Amino acid sequence: DGLFGSMIDCYGSPMNAEAGAEKVEGVGRAIFAPIPRVSDIALIDNPLLTGTAMVDALSPIGMGQNMLIVGQNNDEIGVGQRDLVIGAIKTQVKEGKVKCVYALTKESKQERERVIEQLKKAGVLDDIVLVSARDRDDNTDTDDLAQKDLEAIDSAEAITVAATACSIAEALALSEGLNTFVVVDDIDQHKAFWDWTTRVLVDVYGVDAVVKDDAAGGASSEMRGFYSGLIQRAAQFNTKNGGGSMTLALLTNLQGKFGSKNEDDENRVFQKEDFDECSDKVKQRIAIIADKGIPLTAATLRKIQIPLPVASESEQSRLLALQHADDLISMSDGQVWLDETLYAKGQRPAMDPQRSITRVGVGADTKSRADAPAMRGLAGGLRFDFAQANSLEGAGANSGAEKQLLKKQAYLLAMHQEAGDERSLSENCVLLLAASMLVLDDIVEKGGTAGTDLGRDAIQGLIAHVRETAPKAMEEIDETLDLSEEVRSELEGIIKAHSS
């Protein structure tokens, strides 16, 4: 317990003045502990509720699961990755059932200070363990080191910070049977360290010493093993190993953005031959589009995340970032994908339902689940509804698209949450239930769409009314994580009466 409320470095030394000069008592766990064996773990069957409806409904996180938080980051703020994970931490602190550890790997002192301020503002800093990278000046003398060596040192420290945070959480899960939640902000320097080691191998032993996938920027089996040392530490431990869990949220950023070298390329129609130098996967996708007679314009290519053959440096950077994100996704239990276009449009969270998914519990032959039973019955076909609505956007009048688009807007209103606006499971269930009953359609048609004052007031009014009218029903949902037929029927009646 002495760790909580402290900020330490990767060796356990305190970094905040209040902590004094002594090291924090160790937890008796190796920093780079091995990943759990199959015999050490149990099935994931309990949700870690984040307080964000869109995540808990469409890309739920189970206790003991690892989850990538992918953001298209073009500036210092990003598209809400930190808001999302800090909101999840707030939810855990409020419930008091999950211990949280935050790994702050950033080498920039300014950015670290900004994150610490966010944690303070959220009111959780005194309730978590913060493991942080140190200022470079606190390290050994770096005057004689080249810039690339300094970057390697920063990357190595970032890797150790992430590993230390995991070790603290694992110790609590294994020795005390506690459920823990670790946020690694972020894992981008893992890639920087891997690239540095690849360059060293090439410099010393030549390009033949590096496997083909590494040389091309892909994910070799060696790279997968490197990342697995962090990603696969997440686990729901079985009763023989304490019965606790460590859930892992890993932030990663997509650098660069799509854009051509000049404005003329925006109106150009490309030919299949223009993509001859691209990978086989890209060429296959281009062939499918061309065979269907769809023009290979810049807009079409960006919609399916294929960079232009005349890509700018920024677009080339985005291409490599997308490739790396795909590699990470293939190693993880799921991802929450935050989209810069949705963020610019005001959607909060800016989560892309089609690219966000959990792979825990997929398949009819498994009892493992990441979602709350209450959400299961309310969000079953929601992903399909969003995909259908997206395919109908831009359809002409009398096309039959209006009803489906209205449904999408109603659900977006129900799940709209600004940073710091976390809600309980029961509150999110009420809003999803209201959307399914078409109660929110009228509000949307009157201009109360997601993000508007009218929409926000309607949502807050509905939640307050149901809480006041059926407090026991709301309490039952939060305690059992389920929505019984009796409670559902009761809530439907209250919602219907409120909207009349």
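1. Helix 2 and helix 3 cross in a right-handed sense. Keep in mind that this is a predicted model. The axes of helix 2 (residues 81–95) and helix 3 (residues 109–122) come within 10 Å, with a crossing angle of roughly 40°, so helix 2 counts as oblique to helix 3.

2. On the helix 2 side, the contact uses Arg82, Asp83, Ile86 and Lys90, while helix 3 brings in Glu111, Val115, Gln118, Leu119 and Ala122. Sorted by class, that gives 4 nonpolar, 1 polar and 4 charged residues.

3. Have a look around Met415. Beyond its neighbours within four places in sequence, Met415 is in contact with Ala53, Met54, Leu58, Arg348, Pro349, Leu382, Phe386, Arg423 and Leu432. Arg348 and Pro349 are themselves joined by a cis peptide bond, omega near -5°, and Pro349 sits in the loop between helix 11 (340–344) and strand 9 (357–358).

4. Asp185 and Asp186 are also linked by a cis peptide bond, with omega about 5°. Asp186 is in the loop between strand 5 (179–185) and helix 5 (188–205).

5. Two leucines have positive phi: Leu438, near 70°, in the loop between helix 15 and helix 16 (441–445), and Leu481, about 65°, in the loop between helix 18 (471–480) and helix 19 (485–499).

How values were computed:
Residues numbered from 1 in each chain as written. Predicted model: local features only at pLDDT ≥ 70, side-chain atom pairs only at ≥ 80, totals over all residues. Heavy atoms only, no water. Contact = heavy atoms within 4.5 Å. Axes fitted to C-alpha atoms, helices over the stretch in contact; angles between N-to-C directions. Helix = DSSP H or I, 4+ residues; strand = E, 2+ residues; numbered from the N terminus. Parallel < 35°, antiparallel > 145°, perpendicular 65-115°, else oblique. Left-handed = near helix turned anticlockwise from the far one by under 90°. Nonpolar A, V, L, I, M, F, W, Y, C, P; charged D, E, K, R; others polar.
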